[in-house]
Amino acid sequence: MDGTLVPREQAVVSVFDHGLLYGDGCFEGIRAYNGRIFKVGTHVRRLFASADAIRLKSPYSHEQWIDAMRCTLSANGLGNAYLRVVMTRGVGTLGLNPFRCPAPTCFIVADQITLYPPSLYESGMKVITARRPRNLPAALDPSIKSLNYLNNILAKIEAVDAGVLEAIMLNHEGYVAECTGDNIFFVRGGQVVTPPVSAGLLEGVTRGFVMELCRRNGIPCEERLFRIDEIKAADEVFLTGTAAEIIAVSQIDDTVIGGGAIGPVCRTLTDRFRAAVARDAPED
Ligand code: PMP
């Protein structure tokens, strides 16, 4: 918390913190595998990009953030963990003005995360198409990983109401953007496709790594716009995210995908992903 290691009970934030009052701040979710912090360089760059976009200045350098993550992991005796890295606008007066908050609140949590039940990684996951569109990039750009997650949470409620755990979100023009907490890919005739950042989505670190794995393994992968009908006709659909890693989709609304089983491309990418993080997880 703000540069000091504190026990869990003392890791508390003021009720005057604008992160809590207004969702004013940004964050990262990062995994550590065997003591190595997966793609931490990319995550910290995204944290700083989010902070810049909301005119929040980090009191710490990239290196200081990374050192603090390592300290938090070791203080908790964790080698495999999920890190939540948060920078809020800080404590201020009641009222929106961000410039009346003298210093950001910065904290790192190291814990375990199980986003989806392990059985879903074998069976594939059912998802729905959310009725609610993803935020308009000109209004609140989804590429900013801000503490404002209500757009996603309201779509997640649609999913939970429908008895599933994820929802595909379309942008304001009806193109597929991403899911509430994961990026989305499909495979058709051996070609991997994912929406471009311009569709209005978070540029996921896992998404980037999966695209890198495609390149390294000679799997064609392109970024382009597509609509929900096209993805429903895919051979395979899968989601990516730090917490989710890679998870296959077996059904979208009433449409079963690729016979409902996990497809070969998703299987290969998952194997390559597991191998890459098990050995010597890349930190940059
Ligand atoms: N989209 C959204 C909206 C997210 O919140 C996340 C992270 N949970 C992702 C995509 C995946 O990003 P990453 O791979 O960097 O975790």
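Trainee: What kind of model am I looking at, predicted or experimental?
Mentor: Predicted.

Trainee: Start with the ligand. How many residues surround it?
Mentor: There are 17. The closest are Y149, E178, V205, T206 and T242.

Trainee: What about R46?
Mentor: R46 also uses its side chain. A polar atom of that side chain lies 2.8 Å from a ligand oxygen.

Trainee: Where is R134 in the fold?
Mentor: In the loop that runs between β5, residues 125-129, and α5, residues 150-161.

Trainee: Is R134 buried or exposed?
Mentor: Buried. Its relative accessible area is 6%, and the cut-off for buried is under 20%.

Trainee: What else does the R134 side chain pair with?
Mentor: The side chain of N151, in a polar contact of 2.8 Å.

Trainee: Which residues does R134 touch overall?
Mentor: Leaving out residues up to four places away in sequence, R134 touches P142, N151, N152, M169, L170, A177, E178 and G200.

Trainee: What about R131, buried or exposed?
Mentor: Exposed, at 72% relative accessibility. R131 is in the loop between β5 and α5.

Trainee: How far is R131 from A243?
Mentor: Their C-alpha atoms are separated by 24 Å. Along the chain they are 112 residues apart.

Trainee: New topic, helices. How do α6 and α8 sit against each other, parallel or perpendicular?
Mentor: Roughly perpendicular. The axes cross at roughly 105° and come within 10 Å. Helix α6 covers residues 205-216, and α8 covers 264-280.

Trainee: Which residues make the contact?
Mentor: From α6, take T206, F209, V210, L213 and C214. From α8, take L269, R272, F273 and A276.

Trainee: How do they divide by type?
Mentor: The contact has 7 nonpolar residues, 1 polar and 1 charged.

Trainee: Which residues does E245 touch?
Mentor: T206 and F273 are among them, and both also belong to the α6 and α8 contact. Others include R31, L239, T240 and R274, with residues up to four places away in sequence not counted.

Trainee: Where is E245?
Mentor: In strand β12. At 11% relative accessibility, E245 counts as buried.

Trainee: What does the E245 side chain pair with?
Mentor: The side chain of Y33, in a polar contact of 2.4 Å.

Trainee: How far apart are E245 and V210?
Mentor: 9.8 Å, C-alpha to C-alpha.

Trainee: Let's switch to backbone angles. What is phi at K39?
Mentor: Near 55°, a positive value, and K39 is not a glycine.

Trainee: Where does K39 sit?
Mentor: In the loop between β2, residues 36-37, and α2, residues 40-53. K39 is buried, at 11% relative accessibility.

Trainee: What about D253?
Mentor: D253 has a positive phi too, about 55°. Its place is the loop between β12 and β13. D253 is partly exposed, at 26% relative accessibility.

Trainee: Two more. Where is T72?
Mentor: In helix α3, residues 62-75. T72 is buried, at 9% relative accessibility. Beyond four places in sequence, T72 touches L5, I108 and A110.

Trainee: And G190?
Mentor: In the loop between β8 and β9. G190 is partly exposed, at 36% relative accessibility. Beyond four places in sequence, G190 touches I219, P220 and D235. From G190 to P264 is 9.4 Å, C-alpha to C-alpha, across 74 residues of sequence.

Key
Residues numbered from 1 in each chain as written. Predicted model: local features only at pLDDT ≥ 70, side-chain atom pairs only at ≥ 80, totals over all residues. Heavy atoms only, no water. Axes fitted to C-alpha atoms, helices over the stretch in contact; angles between N-to-C directions. Helix = DSSP H or I, 4+ residues; strand = E, 2+ residues; numbered from the N terminus. Parallel < 35°, antiparallel > 145°, perpendicular 65-115°, else oblique. Contact = heavy atoms within 4.5 Å. Nonpolar A, V, L, I, M, F, W, Y, C, P; charged D, E, K, R; others polar. Buried < 20%, exposed > 50% of the residue type's maximum accessible area, 1.4 Å probe, protein only. Polar contact = N/O pair within 3.5 Å; in protein donor to acceptor, adjacent residues only side chain to side chain. Near = heavy atom within 4 Å.
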